[in-house]
Every structure is written in structure tokens, then in C-alpha cells.
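Thanks for coming. I have one model to go through today, and I will take it piece by piece.

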Amino acid sequence: MNPKPYGLIAEFDSPAAVLHAAEKVRDAGFRRWDVFSPFPVHGLDKVMGFKNSLVGWFALVFGASAFIGSMLMIWFMNDYDYPILVGGKPTFSPPQALVPSYILLVLASAVGAFVGMVALNRFPRLHHPLFKNNRFAMVSRDKFFLVIETSDPKFSETETRGLLESTGSTHVELALE
Amino acid sequence: MTDSTTQLESLVPPKELRRGPLVPPQRSLGWLTDHLTAMPEGKTPRWWWILFIPAAFCAAVVLPTMLIYLISTGVGVWGNKQPVAWGWDIINFVWWVGVAHAGTLISAMLFLTRQHWRTAIGRAAEAMTVFAVMCAGLYPAIHIGRVWFAWYLFPLPLTTGMWPQFRSPLMWDVFAVNTYLMVSSLFWYMGLIPDLALLRDRAQTRVRKFLYGLFALGWTGSARQWHNYEKAYLVLSGLATLLVFTVSSIVGMDFATSQLAGWHETIFPFYFVAGAVFCGFGMVLVLLIPLRKWCHLEDIITLRHIDRICKMTLMMSCIMAYIYGIEYFVAWYSGNPYDAWVFGHRLFGHYYWFGGWIMILVNGLLPQLFWIKKVRQNLVLIFVIAVLINIGMWFERFTIIVGSLYQDFLPANWHPFYPTWVDVCTFIGTLGVFFTMYLLFVRFLPMIAVSEVKAITPHADPQHPLGGAKGGRS
């Protein structure tokens, strides 16, 4: 069985070139496409119309629940389940529980940010169709790629190839699944 | 290329307003990639083996031997006795935590303040943080005596029905140090992901491809991935910055909440944070000055980087000098005879008078040499000062801990402290662990954040002529 095509992959030499190409591809109305680069290219977020990443919310939810959970835990342990009297002070007071709760907030938010990044990027992923493409290995070095997937409703091999070539790509080829 | 470069020349601001480039502009992205991956991909150099073998011996033989001896015999093998129950173990704990701090400050705080020069040294400093916290975390665990009960420190349901006492700063410390280790490891690992993908893409053998690929998690460098990644990196650096201020201040509170003269001071949390960052900058310089030469990174970690670290060290030294001054002032001004006794004995005592002098001369005065530009450019001299700073900060902790404990309120209790050979060998063992891990890191992972360094070159800016823009801004 012949491998199915994954998409058209266009190579660029500079961040500006791939940025302009992305603008054209967006204007042509494509939806299943992405840009690959060795570092984040400034302005690409705007061109591709990304909303604010949800990672921050992951961190907030994780952190807030850890803070509340830790306050409750300390209240339960030192006041409710086994009250410990130290120097006649109240068995539970928020300032006393604040420091460990704050530390756990930091820990949980950090884990949340990491988990959010991993989940939103669909990691861990051991394989990607583009890894089979020899030219694509240069993406982490100094090349920039724009990939339009075959699953895009507007995809047609000849027309899309023409569009990508007109954007000034140095090399366009079909990547296989 | 020549066209765009000449255009660039005509568009830049006048010479006196220009900032020097962070990375030499004639270096292409490909050159940077090849150069920065040379160490993890090339042959193991001889200097690496010369350093690695003794370090690994200390880590794999000396430290385990000392730990087995300590645990099977008891804490009495150390010099800890009454009244000095906190000896080298706690001194080394505080020292290692301190070494860790500069890494987080460089990688997180300078990221938030958009100091782009940090990209060249951030990764190396973060690795220092992770390994130093590991060494630090070992000490409280073995210091408790009955190590097999260490899990009492964690809030786990026990058959006794007892819980940890959350009012104690010692308890906070357990949380602070563990959190610090986990957050700094996460931060370090997250920064590594794009570079692990780079090493995966360049791997020549299947084993390397598999291992780097496994830890790269399937990174492709797509715009969507970068989008989430940058956000996560920002959030993590914000959180790590919080830890710069909390971890050592909680360590400081361990001391400040006691009643002991010399410890019972409100300045302690800030004192310990400042000292930690100061000591950490010393360690960054100790690590980077030789490594930049041996790994041929003079173009990436330039003299300007070293100059800036020296300036930050100088600033921290001034803060330390101020704190030392305030401590003596308060000891005199409070009229507390115990305080006056302890502080007088720091400089003119029976046993440990040298500690106070080392503190003031090495930490407060010696780095003042960094006011002179010639000194900030003399790498040998900087290296010597940086090593002395680490020693000086070790003696500061010695003076604070032992110097305050050995003469407490009852003269009948007074007893000097002498370390034993087990104390010394345990410390050498942790130094071995630190350097072993650091050398493995330098050998197998990119010690410069390749994708970050590439992102700050003019080639990376789509608005810049070198980034491909036609007649773009400069």
C-alpha cells in the first residue's frame, strides 16, 4: 500500500519570508496549516490568529486549588483531627498556614503550567508524519516551513502548490503520512 | 546579504546610542547551531575526563561511604554536640541553597525584565540551581539522625494519628526546598525541550535519536507549540521568581524564630536571600569562566556577559556590606548584652574570630574591586575573586551558625565546635555529586539554550534586514 500524502511542505530561508507566506495562506482561506520554525517568530501569532494560550488558566486552577486544599489540610491536621497547642496560640490561624500554602500554590501552578503546555500541544508524541521528511529535519536548525495538510477542505495539490511557490518558497514538496 | 548589511549600516542610530550585539551579527543561524551542539555531539575532550574522574569518585565512593557510616553509627560521627547541634550539615545546607539561587535569578527574573543577554548563560545557571538544590536537600534529611523516619516530615497518615506541626519554619523548609527542586527542574527541563528536539534531528545514531526524541516529547517547532510553550515559560518564570525570594527567606526564618542572640533578627530572611544570590553569582562565575574557554564559547558568553555578572555581584556585595553593618549597629544600639557579646566575639572571640573577618573582608570589601573596569575584564582575577566569594560565604554561614551557638546563655554550656573527618568528607562528597552532574550536563546536553540564542539574533527578527525584511527597521 502506498503511503497517503500528509500535506504540502514549503521551505523558506528567513522568518520574514515565512511570515509573508503565512499571511497569503491565511488570506487564501486555508484552515489546516501550520508554520514550523527553530524559534518563535514574532508576529506569527497575530497572522495565524491565535487567541491567548490557555496555559495560564491551567496554572491558575492548579495553583488556586492547591492553596485552598493546603489551607484546609493544615486546618484539618493541626486544628480538627489532632489539635496541637503551641505556646497558647490558636490551633489554626491563617497567617500560620499561609507560608506552606503559598509554597504549594507555587508548586502546583508550575506543574499546572507544564501540564497545560504538554496537554495543549498533545505531548508526548513519539511520531509525527513530518519526521519522515528528510528536509524537515532542518527545521530545528535554520529553515522555516509552512505545511498545508491534505485534510484541509481547500486543498488541491496543483493549486496549493502554485500558491506556495508564488510565496517565494525555495522548495515545495509533498510529505507522506 | 551584502546589500542588506549596507542598508543596515545606514539605518542604525549614531554610534554612541548603539548597543553592542548580543551575538556577533556575522554568525548565521546554522553556525550557531553547529557551534552550540559541538560539545554534546563531539568527542569527549580530555579536560572533561580529568575533571570527571575525581568528581565521580567523590560522588560514587566517598559520599555513599560517609552516608553509610553516618546512618549505621549515628550523628555523633560528626562534630555536632551540645551546644553546637547544628554544625557543618546545616552550614552546607544553607550554602548549597544559596548557590542555587543565582541560577533562578538569572533564568527567571532576568527573563521577566527582558534582559536578553541572559539567554547565553540562563541554561548553565539553571542547571547549577537544580544540582545545587539536590545537594542541599540531602543535608536536612541526613541531619535528622534517624533517617528512616524522614517521612514523618511529610503530612502522611500515621498509625499514631499525629500530623506535622505547620507552625514551625523547619516544616516550611521541607516544603520550600522540595518545591524549589521540583519547580527549578521543571523550568530547566521545559527550556530544554526545543534543544532536545534539535539534538534529535541531528542525531547520527539510533540510540541518540531515540533518547533525545523521547525527552523532546515529539516537539516539531510548530507555531501552535511555540505559542503554548512561550506562555508556559512565562508563567514558570514568574513562579520561579517567587521562589527566589521565598526559599532562602524561609531558611532565614529557621534561624530568626529562635531566641538565640545572633539569630534572632528581623533582617534574616532578606539577609539570607541576598547572601544566597551573592554566593550563587560567585558560583556562576566559577563555572562559566573555565567552561567558556574549554568549550570555545567566547563568542556566545562574551566579556560583556562576564562584565554584567560582575556588576551584579558587586551590587549584591554592597547589600551584604550594608547588612553586616546593620547587624553590628543593632547589636550595639539594642543594648542587649547577649547580642553585644556574640557580635564582639565574631571579630575578637576566643575561637572563631577569623570567621567574622573573612565575612567582612571577602564578602563586603573584596568584590568592591569590581568597580574597576580593568578588574571586570581580567578573567583570572575574576575567577579568583569568585572562588573566594564562595569560600567567604561558606564562612559567613559558619560564623552565623557555630559562632552564635557555641556560647549560648549559660556559660556552663559553652563548648567549641570542631568538625570531624566525616564532616569534611561528606562535604567533599556533595561537591563531587554537584560537579559530576554538572559535567554530565555539559557533555550530553546543550549548555547554552540554542533556540533562545537564535531567537535574539538579528536574523530571527522578521522586521530586520538580516531576518529577511526588505529595507526593514533596524
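This is a predicted model: local features need pLDDT of at least 70, side-chain atom pairs count only at pLDDT 80 or more; totals for chains, interfaces and linings use all residues.

In H12(B), the buried residues are B:Asp339, B:Val342, B:Phe343, B:His345 and B:Arg346. Buried here means that 20 or more other C-beta atoms lie within 10 Å of the residue's own, exposed means 12 or fewer, and partly exposed is in between, with C-beta atoms placed from the backbone. The five cover an arc of only 160° around the axis, so they sit on the same side of H12(B). That arc is taken over the directions from the helix axis to the C-beta atoms. On the face turned away from the buried side, H12(B) carries the exposed residues B:Pro337 and B:Phe348.

Residues are numbered from 1 along each chain as its sequence is written, while chains are lettered from A and ligands numbered from 1 in the order in which they are written. Helices (H or I, at least four residues) and strands (E, at least two) are DSSP runs, numbered from the N terminus.

Back to H12(B). What covers its buried residues? The cover includes helix H11 (303-333), helix H13 (353-365) and helix H15 (379-405) of chain B. As for length, H12(B) has 12 residues, 337-348, and at 1.5 Å a residue should span 16 Å; the end C-alpha atoms are 16 Å apart, which agrees. The expected span is 1.5 Å times one less than the number of residues.

Staying in chain B, B:Phe434 is in helix H16 (residues 421-444). B:Phe434 counts as buried because 23 other C-beta atoms lie within 10 Å. Leaving out residues up to four places away in sequence, B:Phe434 touches B:Phe131, B:Ala132 and B:Cys135. Contact means C-beta atoms, placed from the backbone, within 7 Å.

Now the interface. Contacts between the chains involve 53 residues of chain B and 59 residues of chain A. On the chain B side, the elements giving two or more residues are helix H2 (29-36), helix H7 (169-202), helix H9 (223-256) and helix H17 (450-455). Which gives the largest share? H9(B) does, with 17 residues.

Last, chain A. Four strands form an open sheet there, in the order E2-E3-E1-E4, with antiparallel pairing. Strand E2 (33-36) and strand E4 (171-176) are the edge strands, each pairing on one side only. The twist averages 25° from one strand to the next. Two strands pair if DSSP finds at least two bridges between them.

Strand E1 (residues 5-12) and strand E3 (residues 144-149) of chain A are joined by six bridges. Along that pairing, A:Phe12 stands opposite A:Phe144, and A:Ile9 has A:Val147 as its bridge partner. E2(A) and E3(A) pair over four bridges, also antiparallel, and A:Trp33 stands opposite A:Ile148. E3(A) is mostly covered, with five of its six residues buried.

Helix H5 (residues 157-166) of chain A lies across E1, E3 and E4, running at about 15° to E1(A). Axes are lines fitted to C-alpha atoms, for helices over the stretch in contact, and angles run from 0 to 180 degrees between N-to-C directions.

Terms used: Two residues are in contact if their C-beta atoms, placed from the backbone, lie within 7 Å.
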